[in-house]
Amino acid sequence: MNTLFYLIGTVGCFFSLTLFMRSLGRASNPDYVEFLHTLYRPVVDEKSYVESIRKYDFDFNRWPISFIMDPIASEPAVNPFSKCANPELPYYKRVAIQILAYFAINTFAIRLIYPGCVGVLQNILWTALEEGRLNLVEVYNGKRARIVTADGNTIDTMFVDNRLTSLNGRILVICSEGNSGFYEVGIMVTPAKAGFSTLGWNHPGFGDSTGFPFPRQEQNAIDAVVQYAINELDFRVEDIVMFGWSIGGYVSAWAAASYPDMRGLILDASFDDLLPLAIKQMPSSWNYLVKEVIRSYVDLNVGDLLVRYPGPVQLVRRTEDEVICIRQGQLATNRGNYLFLRLVVSRHPEFFEEINGEKPVIDLLQACVALSDQQRIVLSRTDLPESKRRLLRMIEKYMRDYRSSHCTVLPESNFKAVMETLLNM
């Protein structure tokens, strides 16, 4: 006991000494003293107060709240037997898989789907995230804000206002990152460089946002972001463009479907359905479990949401995409192809009929969309019937290729070209 008390006392004294030294250092630092005075001064004007503290980077839990959604009633606990993705299985197997799926999604599965919510990864990227925020604030005059969703999560956002510096600034681009992406080091710099007003945000559980990226929390988060843009940043719905990269295409498509008057939707390196990609990544013996987890808890079916949005759409396909392709190096297996087909089938049903006894148009379209843009250009120079030329023009209207792998940020020039097409549709 004496040894134990001695050890605890030594550690306690050392810890107290470090706290004292840190406090002494902060008290003697004029910048930190000024920060404390700014943070704790009486709030007379909320907007001027927020502007005064935006030049500091500190614990986001102490950041003032800029926007709050009306709260909703808490949802009841999930019943693992309420849904079944494998009804063909015998009862005892079906129940066992449902129980395994429930435990999987509440432990490791959601972290496999969204690695950005894993604390270890965030600690590794902490310096890069801090430098990214610094760059957005100092170079692009970014304005950080903390908003509260309808289910009580707080979302970290960054807004770059280009309305007074660029003709493109009247258009707001809301950027949704991938499953390991953060606005600090993600895609929002591209539209900001192009002169568009830009709003970036972190998924629930990413960076300083709270919660977990389950579909319902994701929907509440993007809904709060859109409402923040409308009510606090003074943008009309008609001047907002959703820009989603990879898995961020899900929330972007959901927002576009929920706000059909939006100016446009851009999906970069995205997919139509998460299930084929999840099955590809896991052992074949896990197929029933993977299907149960995805269909019952994380059914990110972007294609279903896309067909509900009536506005302008642009799809960007990565020709060397190692993530969205079912078989690496085979462009025909890129799930972006199926996303395009869902869009065209819903918007141009008249094309999908028999043409003079030939193969159905859908077969021809699948063959054409499996080609790269350069291959389609060569094909268009040959002697083709007008019906096939219409199909090539349809692909050109909605989709463009970018020669890169999955995790390369879309260059500014490519983004400008995509936006120009979108705004003229």
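Here are legends for a few close-up views of this structure. The model is predicted, so to speak of local features we need pLDDT of at least 70, and side-chain atom pairs count only at pLDDT 80 or more, while totals for chains, interfaces and linings use all residues. Residues are numbered from 1 along each chain as its sequence is written, and side-chain values use heavy atoms, with hydrogens and water left out.

View 1. Nine strands make an open sheet, in the order β1-β2-β3-β5-β4-β6-β7-β8-β9, and the pairing is mixed. Strands β1 (65-68) and β9 (399-402) sit at the edges with a single partner strand each, so one side of each has no neighbour in the sheet. On average, neighbouring strands are turned by 25° against each other, direction ignored. Strands here are DSSP runs of E with at least two residues, helices are runs of H or I with at least four, and both are numbered from the N terminus. Two strands pair if DSSP finds at least two bridges between them.

**View 2. Strand β6, covered on both faces.** Strand β6 covers residues 240-245, and six of its six residues are buried. Buried means under 20% relative accessible area, exposed means over 50%, and partly exposed is in between (1.4 Å probe, protein chains only). Look at one side and you find Ile240, Met242 and Gly244; on the other are Val241, Phe243 and Trp245.

**View 3. Who pairs with β6?** Strand β4 (residues 172-176) pairs with β6 in the parallel sense over five bridges. Val173 has Val241 as its bridge partner, and Ser176 has Gly244. Strand β7 (residues 264-268) also pairs with β6 in the parallel sense, over five bridges. Here Met242 stands opposite Leu265. To get from β6 to β7, the chain passes through helix α9 (residues 248-258) in a right-handed β-α-β crossover. Right-handed means that, with the strands pointing away from the viewer, the path from the first strand over the helix to the second runs clockwise.

**View 4. Phe5 and its nonpolar patch.** Phe5 belongs to helix α1 (residues 2-27). Its relative accessibility is 54%, so Phe5 counts as exposed. Together with Met1, Leu4 and Ile8, Phe5 forms a nonpolar surface patch with about 470 Å² of accessible area.

**View 5. Pro411 in a loop.** Pro411 lies in the loop between β9 and α17 (412-423). With 27% relative accessibility, Pro411 counts as partly exposed. Pro411 and Asn337 are 74 residues apart in sequence, and their C-alpha atoms are 22 Å apart in space.

How values were computed. Patches are made of residues with over 30% relative accessible area and no salt bridge: like charges are joined within 9 Å, nonpolar side chains (Val, Leu, Ile, Met, Phe, Trp, Tyr) within 5 Å. Accessible areas come from the Shrake-Rupley method with a 1.4 Å probe; for residues, only the protein chains shown count as cover. A salt bridge is a side-chain nitrogen of Lys or Arg within 4 Å of a carboxyl oxygen of Asp or Glu. Axes are lines fitted to C-alpha atoms, for helices over the stretch in contact, and angles run from 0 to 180 degrees between N-to-C directions.
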